[in-house]
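Dear colleague,

I am handing over the structure below, and I would be grateful if you could look through it with the notes that follow it.

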Amino acid sequence: MRIVDIRERSVAISRYADPAIPSGGLTTSMVTIVTDVVREGRPVVGYGFGSIGRFAQGGLIRERFAPRLLAAADGALADAAGTNFDPFRAWSVMMAGEKPGGHGERCVAVGTLDMALWDAAAKIAGLPLHRFSADRLGRGDSVPDRVQVYAGGGYLYPADDLARLAEEMRRLADLGYTRAKIKIGAAGLVQDLRRIETAAAQLAGPGNLAVDAMNVYEGPAALAAAAALAPLGLWWFEDVCDPHDFPTQTAVAAAYPGPIAAGEALFSAAEARLLALHGGLRPDRDILLFDPVHCYGLPGTLRIIEVMTAAGWPRQAFWPHGGHLFTLHVVAALGLGGAEVNPLSFQPFGGFEDGAIVSDGFASLPQRPGIGFEGRAELHRLFRDLA
Ligand code: MG
């Protein structure tokens, strides 16, 4: 049992449903992992992609992590029974020779390949990923039928911002989302308060709206924003300041009574430990955003969950960043609070299967073997083209 081919391609992605709007040159890495296992007359191929909302990791994948998987001896990536790949063994092979610390963005490169490895293994088992991974982790009895979700989006538009934001939120509500998240911090507090009012009007009030400052505020600006937002009763206030600026985050948590969300730009168990010790957050109300693909994939995410739950955080506090099918499976398999979805942004990567129905803010789980990217026609075409 071997991996016979791995391909990576860096592709442009957009924050906006209309990709003609400039989006900062964002890219992501797509990968395909071709195995020597045959199902229905064809080799099983695992599909994965990197962060959506940052940049591709092509160099690290092509020069360091994919060659280690390809060089693994026959059976070295297999489970104990020798009947499937073991993504945990494959993860150790990828990380062989890596030094502690210095996470940089290698964690996203590893997470990208990890996604494709889980896709391949679940396809070989003939199970949807949430079922395969829950069984593998001894959680098979606790997988829910549906998962709480919210729609991410609401980036600042370069023109006609409020009208376009209202239209976007209306589309999300029409798609069945009861909760959504928009961006703040880029256009000044006065405009941000207008954006919040505009978006909340399309939902059932500001308690269903989260705001994401994308780590822009420094000390006094963070406190000023917290003071302005506090009376609104928002669902949560996300990425307040630099992810390592624990003094500012602690000061905001002391002044802001509502939930604060953090962890999207922290990528390792060591960083999670620092957040738990020094981040000033409150396990009884705050939200953890650790993105499985940013965090060395599922093995790295499990270590972070271990660190945070040992520090008194409930699993329900985890609402992973990501916005795609892989995150949905992870949330279901690990019993986490809920999942972000990007039904309009970051296409064709964001969102669930084509035609998937979100009802009252819950999504049902895809049932085809693997992650289910075959159920997204445009994305499946890109993967087939790459493989
Ligand atoms: Mg964020």
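The notes below take up a metal site, a helix with its surroundings, and a pair of packed helices.

Please keep in mind while reading that this is a predicted model. In it, a magnesium ion is coordinated by D212, E238, D239 and E264, through OD atoms of the aspartates and OE atoms of the glutamates, at 2.0 to 2.2 Å.

Turning to helix α4 (residues 129-136), its buried residues are L129, H130, F132, S133 and A134, and what covers them includes α3 (106-125), α10 (297-310) and α11 (325-334). Just after α4, G138 takes a positive phi of about 70°.

Finally, helix α6 (residues 189-202) and helix α7 (residues 219-229) pack at an angle of about 35°, their axes being 11 Å apart, and α6 passes α7 in a right-handed crossing. On the α6 side the contact is made by L189, L193 and I196, and on the α7 side by A224, A225, A228 and L229; of the residues in this contact, seven are nonpolar, with no polar and no charged ones.

Notes: Residues are numbered from 1 along each chain as its sequence is written. This is a predicted model: local features need pLDDT of at least 70, side-chain atom pairs count only at pLDDT 80 or more; totals for chains, interfaces and linings use all residues. Side-chain values use heavy atoms; hydrogens and water are left out. Donors are N, O and S atoms within 2.8 Å of the metal (3.2 Å for Na, K and Ca); water is not among the atoms, so sites may look incomplete. Buried means under 20% relative accessible area, exposed over 50%, partly exposed in between (1.4 Å probe, protein chains only). Helices (H or I, at least four residues) and strands (E, at least two) are DSSP runs, numbered from the N terminus. Contact means heavy atoms within 4.5 Å. Axes are lines fitted to C-alpha atoms, for helices over the stretch in contact, and angles run from 0 to 180 degrees between N-to-C directions. A crossing is left-handed if the near helix is turned anticlockwise from the far one by less than a right angle, and right-handed if clockwise. Ala, Val, Leu, Ile, Met, Phe, Trp, Tyr, Cys and Pro count as nonpolar, Asp, Glu, Lys and Arg as charged, and the others, Gly among them, as polar.
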